[in-house]
Amino acid sequence: MKEIFCSLCLSILSTLVFAQEKIDGIVSSDKQPVAYATIVIGYANSSLHTVRSNSMGQYTFHLTKEEMSRVQWIEVSHISYEKVRKEYKDQNQKVNFELVKKSIQLADVTVRSRPLAVRRAGDTTRYAVTNFVSAEDRNIGDVLRRMPGIEVDENGVIKHNGKTVSRMYVDGDNIFQNGYGVGTRTIQPKAIKDVELVQNHEHKKIKQGVSNSEDVALNLVLNEDAKMIWSGEATIGIAAPIDGFINGNTMSFKKKYKTLNTLQYNSIGERINNDVESIASLNLTEPIAAATPSVPTNKYYNNRSLAFNTNQFYKWTEGWSSSLNGNLWADRERLISDGTQRYLLADGSGVTYNNYYNTTKKPFFGRSSFTLEGNDNRFYFKNTIDYKAENHHHHTWLLDDEARFDQRGRDQLNFISESMEYTPKLKNKDLITFNLDLERKWHKDRLEVSPGVMSNYLNENQPYDAVGQAVSLPQTNGNIQVAYTRNNTRLKRTYFARLNYLDKELNSALNLVTGGSVFDNERFPDNNLRWKQQQMSAGVKLDWKNKDFIFSGAFPLTWNGWDIADRLLGSATTTKKLLFTPSVSLQAYLPNRDYFLLSFRFNQENSDLDQLYPNPILSNFREIKSFAAPLYFTSSQAYVLRYNIERPISLFYLNVTASHLRTQNDYLIGQDITQQGIISKLLPYDNQATTNSLTLGMSKSLLKEGIYLGFNASINQNRYNQLLNGQFTAATGTTMTLSPRLEYKGISHTALTYQYSYSRFLNKVSGEQEQNSNRYTSNTHSLGVLYVVGTYLFVKGTWSYGTYQSSALDPITNSFLDASIRYKPLKSKHSLELNINNILNKKLYSSYSLTANLENRQTIPLRGLQSVLKYSFLF
């Protein structure tokens, strides 16, 4: 390890001492970048160096001062363009090239070829859609799932070889500012020619080649026809007795203007809140609600859902664009569950709760944002105004050992932010970046439970009528940052300074109701806290890259000051602390372009207001939290080792990741569990936790045989401490998962899909007495068959079967059978579809979950047999 560190230091030192000169530019044709052009630099009849342009048409030469003095000309050639040579005289000159296409005539020759399924050049992998698309595909997400190395979840979020895709472009334009999942689920496959997957992607053109980004981006390359027209789909559906379904979308992807809009309504159990991104805030009241099973929502979900999503993008010039993005979601949902919770204590005893929940929720979410962006090789500018609103009404009536309780609540959040970034390139090609962020948040919670609960704690064992908990959490945040990047050496150095100010409050009131009168319990006064935090940070970020290595390191030093005041008591505390939180990553490429990634991060985080309030807060009808602790800090060390194999030509991808996380602080959440309820407290204990994990992902395609294979596996071990009823125990939870999947299309007119999921959980608790807490195993098989009659009728059946076994509970089995028939002539714009869900008419679903100290078993009623008839029109 010392040898590696010394070698790295010598490499950095030599780079600094023997600084090189740079000549760069852009190769383009008709204002479009020309990738993979050959650029030669030389003098007289001799050449000095040769490079190739990247996917953005950019090229760079790094020369010594002696070589720089000899340069006389630069020449660009490409198989599809005329050769161009320019004289080089000004050493500060940026040399751009505009190429002219060759005119090649092939007499009496016709060439027809199918594009390669996957091609790779540098960090860009290109998938030809025609090699992966099938007639039954509804959207581009269905096609992406079949591409080797790519995974797509139900929300439309994409992963490539285990890494989440951060952006999705449409013909190079970033139209999805608030999440691209709507595009994955909506854009039709016929509109897309190729899918480009870009690793180490840097969105800001001025920072390309400067910063070492680990982001992965995806670009949908449009067919020419899709650039000229409006397109979309309208679908209506009905289901007995009075349920319905509406889904409409429109889109247009022209050169200057792009738009994608969706409108959805359904009451057939399909969730349409895929694009909801909740406001991050402290949730001090968390009402208990009915459980949800791990099956498709149309099996159990009773809803009235409405959703709208709009994305508007306009390109004013080649470098300037603006975006307007927004989405709304409203619902009325009803859920029911019947279950048993048993808490296991270290002495072998336990506390059991038997509950029946009937929950009605009415959530609303809205978001709108406007973005103005300038992005070219001279500067980067972005300004975003963002507004979010959430409103949740919930009511749960429940039976707790035959006693009925009503729990009502309302959660209101509003958030507005202004964010600006400006980065110009200076005359010496260095960069300076200015950031300004302003945020304002409002959060109010209201919880009411009747009759009164936990009277032994709240009312000295005297019964009472009801209890109410009110909480408000206003917050204001401001941030200013300046960064300077030295860009004239291979080791890019960014020096930064940042100021941050945070002002927030926690106000709460706990009231009891007896005989129609509301009164405050003197034992539990209100909370009225104000938190002011000032931060001043400074540090350096290092980036170094060549063809074999990518090194990145950040070394920030932060001074923090906290002023925390209890305005009821008239007291205040002041804390000051200096924190150092370095992070380092090294990515090493092998000759075949496989790579290792090693990263390390040391972090120190402070506790927040949700752990500092001195007086109790009712979280739900069963739990009260009282976290009267001073400000404390949690230190953590995270290590990650990743190995990636990518074989685009053979359509094989593999990733293996090992990670270790260790955290340590001086406080531990303890719980006093009684038959009446749970009291959670924050107590001073030496608290350490470790997490070790190993994950593997693999995908392989055999196009000629029609086989698509995927495999995921993981092993995770968590070691942590817990304190139940004053008994300190150390717990270890181990989880192992396996999930192979197969799609086979080698049989004429038939497609077979199979997926198997295996999970095993082992929880151990050690205290004064050694105890193996529990074991839990689940197996789920899913088999699908699609048969195509001619080119117009698609008949599909899906069967799933799951088993659950535990060392402490009885085995459970669940089985489902679904079918669909879809009529869609090959060139018709109309289609008719009949979905038959839960053919076996299963009315109850049983499941359980286990942790080191909790056995939780649930029975959930299902919707039963459901038939949905849908009509769709494409335009």
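**Pairing and burial in a predicted model**

Analyst: The model is predicted. One place to begin is a pair of residues in two strands: His78 has Tyr81 in E7 as its bridge partner.

User: What makes strand E6 and E7 a pair?

Analyst: Strand E6 covers residues 73–78, and five bridges join it to E7. Two strands pair when at least two bridges are found between them, so E6 and E7 qualify. The two run antiparallel.

User: To which sheet do they belong, and what makes a strand of it an edge strand?

Analyst: Four strands form an open sheet in the order E4-E3-E6-E7, with antiparallel pairing. Strand E4 (46–52) and strand E7 (81–87) are the edge strands, as each pairs on one side only. Neighbouring strands of this sheet are turned by 20 degrees against each other on average, direction ignored.

User: Why is the contact of Asp173 with Lys315 called a salt bridge?

Analyst: The closest N and O atoms of Asp173 and Lys315 are 3.0 Å apart. The limit is 4 Å between a side-chain nitrogen of Lys or Arg and a carboxyl oxygen of Asp or Glu, so this pair meets it. Asp173 lies in the loop between strand E13 (163–170) and helix H4 (181–186), whereas Lys315 lies in strand E20 (residues 305–315), 142 residues apart.

User: How do you know whether Asp173 and Lys315 are buried or exposed?

Analyst: Buried means under 20% relative accessible area. Asp173 has 5%, so the residue counts as buried. Lys315, at 16%, is therefore buried as well.

User: What are the corresponding values for the salt bridge of Asp275 and Arg185?

Analyst: The side chains of Asp275 and Arg185 meet at 2.9 Å, N to O. Asp275 lies in the loop between strand E18 (257–266) and strand E19 (302–303) and Arg185 in helix H4, so the pair ties together parts 90 residues apart in sequence. Asp275 is buried because its relative accessibility is 18%, under the 20% limit. Arg185, at 23%, falls between 20% and 50% and is therefore partly exposed.

User: How many salt bridges does the structure hold?

Analyst: The structure holds 36 salt bridges. Glu136, Asp137, Arg146 and Glu743 are linked in a network of them.

Terms used: Residues are numbered from 1 along each chain as its sequence is written. This is a predicted model: local features need pLDDT of at least 70, side-chain atom pairs count only at pLDDT 80 or more; totals for chains, interfaces and linings use all residues. Side-chain values use heavy atoms; hydrogens and water are left out. Axes are lines fitted to C-alpha atoms, for helices over the stretch in contact, and angles run from 0 to 180 degrees between N-to-C directions. Buried means under 20% relative accessible area, exposed over 50%, partly exposed in between (1.4 Å probe, protein chains only).
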